[in-house]
Amino acid sequence: MADGYASDSDYFASYADPGVHRLMIQDHTRTDAYRRAIENVAHGKRILDVGTGTGILSMFAARAGAAHVDAVDSSAIIDVARDIAEDNGLADRITFHRGRVEELALDGDYDLIVSEWMGFFGLAELMFESVIDARDRYMRPTGHMLPRHLRLCVAPVDDSHVHQDLGLGLWERPVYGLDFSRLLEAEVQSFITAACDLKPASLLGPEVDVLDLDLDHATADDFFFTTAATMIVERDGTLHGFGGWFEVDLVPNVSLSCSPMLPPTHWRQSFFPVRPFPVLENDRIRLAMNAERTEIGDQRLPLYFVDGEVIREGTVVHRFFYRHHGSFE
């Protein structure tokens, strides 16, 4: 997926690139979880697929016996999707609609609204806003969303490689013999949340949930959150920041997660760097985190703010913060 979008037209144009869809379809963890979930619930259902892309989820549903599927996408890839459905003998069960779902007039009364809307750390791209809009206008009272449930998780991280590549580590030592420490001070105020590959051994303690949503009922505003959590450090190490990932329950008994403890996905994990600080086993980390809409830069990327403190034997021994401004302007 692209790192940023100057406009909605750029966003939708990015999904006309077959390479983007290759990345997602080749993500076996992602695609097979959706296949299994859809096959469990699609038979006899009227289904709306929001952001259909190549149409693979719609074709899973049609092949599983859906009564009919309406597939929506604003990208030119939908013309290819229509041809692919024809090639696979499924065109009579799927109607393809090009345009933003918010602007289309569909028949409504869907039993199931399917979408793979999740961006990095779940919220990036803000596609959930379109999906929630479609749910509120078109889903039957007895219908369901797929995915049905979302959790965002964070955990404290000790990872010198991620700290060097994505955190403050680059500026802590001379760069080609030059002192760049001033950039450390600037960057700590203006980080861009980065995707990374965390190893399970990098985690200093178990994850905590910072957001937990029932997607059958959540509002779009619910995705922008303020939360507080306490974490327990389980080993001595250096706190370099926090790893973040999402978990979704697609249908009962079929889930999808980009946790570092599970097989990798194209979403990887997100890294929220802070100034490094040595921590000890049994330290407690009090974390406050919030996600907000942005009015500057890439408006499809939320702003994240993290504040917290390390508590040792009842005493605050360190305070930290993270600011993602989304733009260096």
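In strand S3, the bridge partner of Asp-70 is Thr-95; helices (H or I, at least four residues) and strands (E, at least two) are DSSP runs, numbered from the N terminus. The model is a predicted one, in which local features need pLDDT of at least 70 and side-chain atom pairs count only at pLDDT 80 or more, while totals for chains, interfaces and linings use all residues. Residues are numbered from 1 along each chain as its sequence is written, and side-chain values use heavy atoms, with hydrogens and water left out.

The bridge between Asp-70 and Thr-95 belongs to a parallel pairing of strand S2 (residues 68-73) with S3 over 5 bridges; two strands pair if DSSP finds at least two bridges between them. These strands are part of an open, parallel sheet of 5 strands in the order S3-S2-S1-S4-S5. Its edges are S3 (94-98) and S5, each of which pairs on one side only. On average, neighbouring strands of this sheet are turned by 20° against each other, direction ignored. Axes here are lines fitted to C-alpha atoms, for helices over the stretch in contact, and angles run from 0 to 180 degrees between N-to-C directions.

Helix H6 (residues 128-138) lies across S1, S4 and S5 and runs at about 155° to S5. Its buried residues (under 20% relative accessible area, with exposed over 50% and partly exposed in between, for a 1.4 Å probe and protein chains only) include Phe-128, Val-131, Ile-132 and Tyr-138. The buried residues of H6 pack against S1 (46-50), S4 (110-114) and S5 (139-146), where contact means heavy atoms within 4.5 Å.

Helix H4 also takes part in a helix pair. Helix H3 (residues 28-41) and H4 (residues 56-63) pack at an angle of about 30°, and their axes are 9 Å apart. On the H3 side the contact is made by Thr-31, Tyr-34, Arg-35, Ile-38 and Glu-39, and on the H4 side by Ile-56, Leu-57, Phe-60, Ala-61 and Arg-63. These residues divide into 6 nonpolar, 1 polar and 3 charged; Ala, Val, Leu, Ile, Met, Phe, Trp, Tyr, Cys and Pro count as nonpolar, Asp, Glu, Lys and Arg as charged, and the others, Gly among them, as polar.

A second sheet is open and antiparallel, with 4 strands in the order S9-S13-S14-S15. S9 (226-232) and S15 (315-323) stand at the edges with a single partner strand each, so one side of each has no neighbour in the sheet. S9 pairs with S13 (residues 284-292) in the antiparallel sense over 7 bridges, and Ala-228 has Ala-288 of S13 as its bridge partner.

Strand S10 forms a hairpin with S11, with 2 residues between the strands, and there Asn-253 takes a positive phi near 80°. The two strands run antiparallel and are joined by 4 bridges. A nonpolar core is a set of buried Ala, Val, Leu, Ile, Met, Phe, Trp, Tyr and Cys residues joined through side-chain atoms within 4.5 Å. Of the 94 residues in this core, Leu-146, Leu-150 and Phe-242 touch the most other members. Not counting residues up to four places away in sequence, Leu-146 touches residues including Tyr-34, Ile-38, Ile-113 and Leu-250. A second, separate core of 5 residues includes Leu-168, Trp-171, Leu-184 and Val-188.
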